[in-house]
Amino acid sequence: MATPAPPLPHRPGAISLFFVVKAIVFAAGFWAWLLVLVFTRPEVSGPHILAATGTTITTLVAVLLGVRMALQRSAADRHAELKRLLVDISWNAFAAVGNAEPESNGNVVPFPSTAFDAASLSGRTPGESNGDRRH
């Protein structure tokens, strides 16, 4: 039996993308209107100010919504990684119960480690300290 694929992390979906695209379309429309007004009418009037205001606001909204969506996506990735890490830790702790020494009476669960034992590299026995070694 094949192992199931891990679930995909939650990501901001189509609704967030819809609003970002909508803001970009409105900003593009205001930019086009402002450019048409600038090149067709030499004097500044009410429509120029309205188009410039709309351009500024919709461009800022598009940027802010885009940044918000990117931050949500990044947070979703961090959350998925944290959940994966917690599952790994709990699985290692569960597996360590089977490896626990019988004299521990179930009170202490050793955490499995792949790190090497520094005492075995130095030539000492586990009970020796630095002052006990004789040369």
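Leu85 lies in helix 2, which spans residues 46-99. The model is predicted. Helix 2 also holds His48, and the structure contains 2 aromatic pairs.

**Surface patch**
- Leu85 belongs to a nonpolar patch on the surface, together with Leu82, Leu86 and Ile89.
- The accessible area of these four residues together is about 360 Å².
- Leu85 has a relative accessible area of 44% and is therefore partly exposed.

**A buried histidine**
- His48, in helix 2, has a relative accessibility of 8%, so this residue counts as buried.
- Apart from neighbours within four places in sequence, His48 is in contact with Leu34, Leu37, Val38, Arg41 and Glu43.

**Aromatic pairs**
- The structure holds 2 aromatic pairs.
- Phe18 and Phe19 form an edge-to-face pair, with 5.3 Å from centre to centre and 70° between the planes.
- Phe19 counts as partly exposed because its relative accessibility is 42%.
- Phe30 and Trp33 form a tilted pair, with a centre-to-centre distance of 6.2 Å and 45° between the planes.
- Phe30 and Trp33 are 3 residues apart in helix 1 (residues 14-40), so about one helical turn separates them.
- Phe30 is partly exposed, at a relative accessible area of 22%, and Trp33 is likewise partly exposed, at 32%.

Definitions and conventions:
Residues are numbered from 1 along each chain as its sequence is written. This is a predicted model: local features need pLDDT of at least 70, side-chain atom pairs count only at pLDDT 80 or more; totals for chains, interfaces and linings use all residues. Side-chain values use heavy atoms; hydrogens and water are left out. Patches are made of residues with over 30% relative accessible area and no salt bridge: like charges are joined within 9 Å, nonpolar side chains (Val, Leu, Ile, Met, Phe, Trp, Tyr) within 5 Å. Accessible areas come from the Shrake-Rupley method with a 1.4 Å probe; for residues, only the protein chains shown count as cover. A salt bridge is a side-chain nitrogen of Lys or Arg within 4 Å of a carboxyl oxygen of Asp or Glu. Helices (H or I, at least four residues) and strands (E, at least two) are DSSP runs, numbered from the N terminus. Buried means under 20% relative accessible area, exposed over 50%, partly exposed in between (1.4 Å probe, protein chains only). Contact means heavy atoms within 4.5 Å. Rings of Phe, Tyr and Trp (its six-membered ring) pair if their centres lie within 6.5 Å; planes under 30 degrees apart count as stacked, over 60 as edge-to-face and the rest as tilted.
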